[in-house]
Amino acid sequence: MAKKMKPELNLLVAMLIFGSIGIFVKNINLPSTAIVLWRTIIGSTFLALVFLLTKQPINLQGIKDNLALLIAAGIVLGGGWALLFEAFRLTTVSIAILLHYCAPVVVFVLSPILFQEKMTVHKVIGIMAAILGMVIINATGVGGTGFSSGVVCALASAVLYASLMILNKFLKGLSGLESTFFQLIIAMLVMAIYTGITTGRVLHIPTGHDVILVGTVGILHTGIACYIYFSSMQKLPGQTIAIMSYIDPASTLIFSAIFLQERLTILQIVGALLILGGTAFSQLSKVHRQSIEHGINA
């Protein structure tokens, strides 16, 4: 499928799929960790079939060389998804995804320390704008009530997402699809253990419409979307990828308004524009393809 369409269209489709995940997760009557567990089980199985059917070899030596980083990234991936899904449940999908998308700001701030990247004027302006937007969203909260547990979960998911981006920057010799496949397996094991300890059973079997929703999140939002995403990234310049990556949170706001009847206040819209505009301004000032070549968002 990814080879029959132009890479720009492939990436657009992947971003729209990622952007719609909130409306599905919001309606699943399972614990957030259980949803993540099913997502990792179904998603990793789908990607295993992709490797098998396309006869793509897996770089086992590369996995061995990056084992510690991959394990850490897998743990962070599972935890970040669990916190984001819990934020979907506790606050609106719109606010959760906006706060989650503050993750690049954390990476930009740490880049001079971790990667010896220069802090340019563009980055500083963008970071300050995004931080201001985050403060506005936090201050207004849900319906103007200020901080909530959903906001805290969303901010925590942003920190873990930033950690995932940083960890993936250090991976060497692996494709994005290979690293994601292994990270899904690690996340699956971690979520299985955590769910078993906290709920008393490892697998929560979905029933009724939850079966369809869980299957969609696993197959469409994880397996298919990741395959399309990484297939298109190999053929596109880094600046195009950076620009189009903002279709994900923007489409989430649109889908949430249409399907969940969520509405942002004028002040929250200003905060959203500052967050998305600020991170985009910072990122596009100097795009490194390697910085986004591995790992997935939502």
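Begin by selecting Tyr246, which is buried at a relative accessible area of 10%, where buried means under 20% relative accessible area, exposed over 50% and partly exposed in between, with a 1.4 Å probe and protein chains only. This is a predicted model, in which local features need pLDDT of at least 70 and side-chain atom pairs count only at pLDDT 80 or more, while totals for chains, interfaces and linings use all residues. Residues are numbered from 1 along each chain as its sequence is written, and side-chain values use heavy atoms, with hydrogens and water left out.

The structure holds six aromatic pairs, a pair being rings of Phe, Tyr or Trp (its six-membered ring) with centres within 6.5 Å, called stacked if the planes are under 30 degrees apart, edge-to-face if over 60 and tilted otherwise. The rings of Tyr101 and Tyr246 have centres 5.7 Å apart and planes at 65 degrees, so this pair is edge-to-face.

Select Tyr229 and Phe230 next, whose ring centres lie 5.0 Å apart with planes at 70 degrees, so they too are edge-to-face.

Finish at Thr222 in helix 11 (residues 209–233), helices being DSSP runs of H or I with at least four residues, numbered from the N terminus. Thr222 is buried, with a relative accessible area of 0%, and touches Arg39, Gly43, Trp81, Leu184 and Val217, not counting residues up to four places away in sequence, where contact means heavy atoms within 4.5 Å.

Key: Helix = DSSP H or I, 4+ residues; strand = E, 2+ residues; numbered from the N terminus.
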